[in-house]
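Hi there,

Here is the structure I promised to pass on to you. Have a look at it first, and then read my notes below.

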Amino acid sequence: MQLSTAHHDERLTAPRSWWGIAVLVGLACALMLLPLGTMPLLVGLVGGTALAGLVVSSYGSARVRVVGGALAAGDARIPVTALGEPEILDAEESSAWRTYKADTRAFMLMRSYVPTAVRVEVTDPADPTPYVYVSTREPKALVAALLAAREQAA
């Protein structure tokens, strides 16, 4: 969702199929407790589904935002003045940057179920992080917001 040219807000939610897997985990827990009776079966179903759903929800709650002159990706908040030119990565190129091109010092907010990403060099000499890799479903909107925020900061 983009409110203005210098604002970007996106939540990297987990795919629907993962919620189905959470239900299947609950069913597996229920089946494991079936020999103990009906009540343990129900506790296993509800508890297993709730626990698996909590894991899916927490993993799918990552946010990517450009607000207040900074890129906020997950727990990181980086001023746009410390960032270089953003680069849109298609599915093939983002896969390469997640694997053999990756630098262990880089900050990466990646979600395997999001095929596209944006990579931005970190230009702050005091920061040892070479670049920021952010999975996004809206790479053009994120790049536009980063560039607009940098123009506003200048």
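Predicted model: local features only at pLDDT ≥ 70, side-chain atom pairs only at ≥ 80, totals over all residues.

Residues are numbered from 1 along each chain as its sequence is written, and side-chain values use heavy atoms, with hydrogens and water left out.

Let's start with the sheet. Four strands (DSSP runs of E, at least two residues) form an open sheet in the order β1-β2-β3-β4, with antiparallel pairing (strands pair if DSSP finds at least two bridges between them). Because β1 (8–11) and β4 (76–79) each have a single partner strand, one side of each is left without a neighbour in the sheet. On average, neighbouring strands are turned by 10 degrees against each other, direction ignored (axes are lines fitted to C-alpha atoms, for helices over the stretch in contact, and angles run from 0 to 180 degrees between N-to-C directions).

Four antiparallel bridges link β1 to β2 (residues 63–67), and His8 has Val66 as its bridge partner in β2.

Now for Arg119, which sits in strand β7 (residues 117–122). Is Arg119 buried or exposed? Its relative accessibility is 10%, so Arg119 counts as buried (under 20% relative accessible area is buried, over 50% exposed, in between partly exposed, with a 1.4 Å probe and protein chains only).

Enjoy exploring!
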